[in-house]
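Work through the exercises below with the model open beside you. Try each task before reading its solution.

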Amino acid sequence: MNEKIAIQGTQGSFHYQAAEAYFGKDIDVIECRNFDIVVKKLLNGEAQWGVMAIENSIAGAILPNYALIDRNNLHITGEYYMNIQHHLMALGNQTLADITEVRSHYMALLQCKDFFEQYPHIRLVEATNTAQAAKEIHEQQLKGVAAIASTSASELYHLPILAESIQTIKRNATRFVVLSTTDNHLPKEAIDKAMLKFQVYDKSGSLSTVLNVLRDHDINMTKIQSLPVIETPWKYAFFVDVGFEHYAQFEQAMQLLEIMTEELKVLGKFISDKR
């Protein structure tokens, strides 16, 4: 694959795994420190695609990323759901008794904090991302320090796993979206999901009217999320995921919502990941 993919994190991160799963193993990634840089790489043309986490089954929506996609007029062209397993890893010939510090992304630390209640001697330290923590341990040969990261990071940075699946809630999934600066122009008959952003008029029943339009066109609203409109205090925009069997129904509903909403924007139309 000749096109470049911008991801937050490094090789071995969950974003890297999601990119591999979606595009295939033969990928050329641009590693970015944060999501703002992912967007910058897309806008300046250095990357043709971006992969960005948008929500987690435990932590919920990643609200700043919704705003990034909307504000920069990016297009969601696909999605990928990943089962997240957090593993504790360190340099070889060590046990948990030898570990005094654990590094990882703050979200991973939060999702695994119950595990460490039985190890009060271990200090938890926030890192930029899960794979970066593993990479630093490998490169600096840090004894007594462990990372919470993926099996991919364990293999890539040669860190044996001390404890598997240490997250508190074992069923832990993250949804990633695939981004581009242009629409993906998929065949209409293949598209079965979309993400919308809309604002309603400030009057009684405005939101229910929009939801009724979706219902009347057999469109399944799978998620609704509100974000404040920064320029207008106490005004909110709604971000909605919708699924449908027939694209014509979606088109008809959008024509009505153009009239019934104060603002309507389609952030992406794509093929759902139905796993």
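The exercises that follow concern a predicted model.

**Exercise 1. Domains**

Task: State how the protein is divided, and how far apart the centres of domain 1 and domain 3 lie.

Solution. 
- Step 1. Domain 1 is made of two segments, 4-83 and 172-180. Domain 2 covers 87-163, and domain 3 covers 189-270.
- Step 2. Take the C-alpha centres of domain 1 and domain 3. They are 23 Å apart.

**Exercise 2. The interface between domain 1 and domain 3**

Task: Describe the interface by contacts, buried area and polar pairs.

Solution. 
- Step 1. Begin with contacts. Domain 1 brings 15 residues, and these touch 13 residues of domain 3.
- Step 2. Turn to area. About 1200 Å² is buried between the two domains, and carbon and sulfur atoms give 57% of this area. Tyr 66, Asp 70 and Ile 76 supply 47% of what domain 1 buries against domain 3, more than any other three residues.
- Step 3. Count the charged and polar pairs. There are 5 salt bridges between domain 1 and domain 3. Residue pairs in polar contact number 8, with both residues at pLDDT 80 or more.
- Step 4. Assign the domain 1 side to elements. Helix 3 (63-71) and strand 5 (75-83) each supply at least two residues. Strand 5 gives the largest share, 6 residues.

Next, a single pair. Glu 55 and Lys 223 form a salt bridge through their side chains, at 3.5 Å from N to O.

**Exercise 3. Helix 2**

Task: Which residues of helix 2 are buried, and what do they pack against?

Solution. 
- Step 1. Helix 2 spans residues 35-43. Its buried residues are Phe 35, Ile 37, Val 38, Val 39, Lys 41 and Leu 42.
- Step 2. Recall the helix geometry. An α-helix has 3.6 residues a turn, so residues three or four places apart point the same way.
- Step 3. List the partners. The buried residues pack against strand 1 (4-8), helix 1 (14-23), strand 2 (28-32), strand 3 (49-56), helix 3 and strand 11 (173-180).
- Step 4. Check both ends. At the start, a side-chain oxygen of Asn 34 comes to within 3.2 Å of the backbone nitrogen of Asp 36. Just after the helix, Gly 45 has a positive phi of about 85 degrees.

**Exercise 4. Asn 56**

Task: Is Asn 56 buried or exposed, and what does its side chain reach?

Solution. 
- Step 1. Asn 56 sits in strand 3.
- Step 2. Its relative accessibility is 9%, so Asn 56 counts as buried, the cut-off being under 20%.
- Step 3. The side chain of Asn 56 reaches the backbone nitrogen of Ala 59 at 2.9 Å.
- Step 4. Set aside neighbours within four places in sequence. Asn 56 then contacts Gln 111, Asn 172, Ala 173 and Thr 174.

**Exercise 5. Cysteines**

Task: How many disulfides does the whole structure hold, and are Cys 32 and Cys 112 buried or exposed?

Solution. 
- Step 1. The search finds 0 disulfides.
- Step 2. Cys 32 is buried at 3% relative accessible area. Cys 112 is buried at 0%.

Terms used: Residues are numbered from 1 along each chain as its sequence is written. This is a predicted model: local features need pLDDT of at least 70, side-chain atom pairs count only at pLDDT 80 or more; totals for chains, interfaces and linings use all residues. Side-chain values use heavy atoms; hydrogens and water are left out. A disulfide is a pair of cysteine sulfur atoms within 2.5 Å. Buried means under 20% relative accessible area, exposed over 50%, partly exposed in between (1.4 Å probe, protein chains only). Domain bounds come from an automatic or database domain assignment. Contact means heavy atoms within 4.5 Å. Buried area is the accessible area (1.4 Å probe) that two parts lose on being put together, summed over both. A salt bridge is a side-chain nitrogen of Lys or Arg within 4 Å of a carboxyl oxygen of Asp or Glu. A polar contact is a pair of N or O atoms within 3.5 Å; within protein, one must be able to donate a hydrogen and the other to accept it, and residues adjacent in sequence count only if both atoms are side-chain atoms. Helices (H or I, at least four residues) and strands (E, at least two) are DSSP runs, numbered from the N terminus.
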